[in-house]
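Hi,

Here is the structure I said I would pass on. Have a look at it first, and then read my notes below.

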Amino acid sequence: MTTIAVTGHMDLTEDSVPLVRDALREKLKPYAAEGNLVGVSCIAEGSDSLFADVVLELGGRLVAVIPSKNYRQAKVKPEHTETFDRLVKAADEVVVLKHETANRSAYEDANNTLLQRAERLVAVWNGEPPSGKGGGTADTVLAARKTGMPVDVVWPEGAARRS
């Protein structure tokens with residue numbers, strides 16, 4: 001069994017979504033071919049949800065890590081609720097962290113949980129350094145690399161973030 005976590009940008013442009021989805025599919029296909037792919041995702045808007053959809057599409061199992069008890073109500077935007085709810089329902093396991101509120105501490109804990117549950121990390125990341133706020137994509141990549149975890153960066157030609 002190969003367990004792969006995801007970290008990535010939430011603010012992908014509309015034109016980037018199919019590019020990232022295709023790149024994720026190509027990255028995950030070899031693991032799915034083995035018949036035992038497990039994807040671990042916070043299923044946030046953007047990269048996390050694209051990854052979760054591809055894991056399920058390829059026949060893998062999904063583990064959803066929810067940063068806080070109020071995450072859906074406080075942070076999931078109306079345009080993402082249908083996708084979020086669908087992915088929670090499709091997940092083999094849903095881990096809701098102990099935090100009451102969705103905040104930087106909850107996100108950092110969620111990222112640590114992703115790394116603890118996985119053997120590899122896929123990062124939908126443009127390569128920019130950490131923002132200094134903590135809990136972001138670059139922070140998670142650096143934390144994974146610090147432990148020696150293999151990190152596969154996915155940022156296809158033409159991908160961009162909303163400005």
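Let's start at M149, which sits in the loop between α6 (137-147) and β6. M149 is buried, with a relative accessible area of 11%. By buried I mean under 20% relative accessible area, while exposed is over 50% and partly exposed is in between (1.4 Å probe, protein chains only). Not counting residues up to four places away in sequence, M149 touches L115, A118, E119, R120, L121 and A144, where a contact means heavy atoms within 4.5 Å. Q73 is 76 residues from M149 in sequence, and their C-alpha atoms are 33 Å apart in space.

Before going further, a word on what you are looking at. This is a predicted model, in which local features need pLDDT of at least 70 and side-chain atom pairs count only at pLDDT 80 or more, while totals for chains, interfaces and linings use all residues. Residues are numbered from 1 along each chain as its sequence is written, and side-chain values use heavy atoms, with hydrogens and water left out.

Now the whole chain. You will find 6 helices and 6 strands in it, and along the sequence they follow the pattern β-α-β-α-β-α-α-β-α-β-α-β. The C-alpha trace spans about 40 × 35 × 35 Å along its principal axes. For 163 residues, a compact globule would have a radius of gyration near 15 Å, and the chain's 14 Å agrees with that. That radius is taken over C-alpha atoms, and the globule rule is 2.2 Å times the number of residues to the power 0.38.

Buried residues make up 50% of the 163 in the chain. Take the contacts between residues at least 6 apart in sequence: 78% of them join residues at least 24 apart. The chain exposes about 8000 Å², with carbon and sulfur atoms supplying 48% of it; areas come from the Shrake-Rupley method with a 1.4 Å probe, and for residues only the protein chains shown count as cover. As for charge, there are 20 positive and 23 negative side chains, and the centres of the two sets lie 4 Å apart. Lys and Arg count as positive and Asp and Glu as negative, leaving out His and the chain ends, and each charge is placed at NZ of Lys, CZ of Arg, CG of Asp or CD of Glu.

Next, β5. In this strand 5 of the 5 residues are buried, so β5 is largely enclosed by the rest of the structure. R120, V122 and V124 point one way from the strand, and L121 and A123 point the other way. Who are its partners? β5 runs parallel to β1, with 5 bridges joining them, and G8 stands opposite V124. β5 also runs parallel to β6 (residues 151-154), through 4 bridges, and there L121 has V151 as its bridge partner. Strands are said to pair if DSSP finds at least two bridges between them.

Helix α2 (residues 47-57) is worth a look too. Of its 11 residues, 9 are buried, so α2 is largely enclosed by the rest of the structure. Those buried residues pack against β1 (2-8), α1 (16-33), β2 (37-41), β3 (61-66), α4 (78-90) and β5 (120-124). One of them is D53, which has a relative accessible area of 16%. Leaving aside neighbours within four places in sequence, D53 is in contact with R21, R86 and L87. After α2 comes G59, with a positive phi near 85°.

I43 is not a glycine, yet its phi is positive, about 50°. Most residues other than glycine have a negative phi. I43 is also buried, at 0% relative accessibility.

Last stop: L114, in helix α5 (residues 104-117). L114 is buried, with a relative accessible area of 1%. Its contacts, leaving aside neighbours within four places in sequence, are A5, V6, V40, S41, C42 and V65.

Cheers

Technical notes: Helix = DSSP H or I, 4+ residues; strand = E, 2+ residues; numbered from the N terminus.
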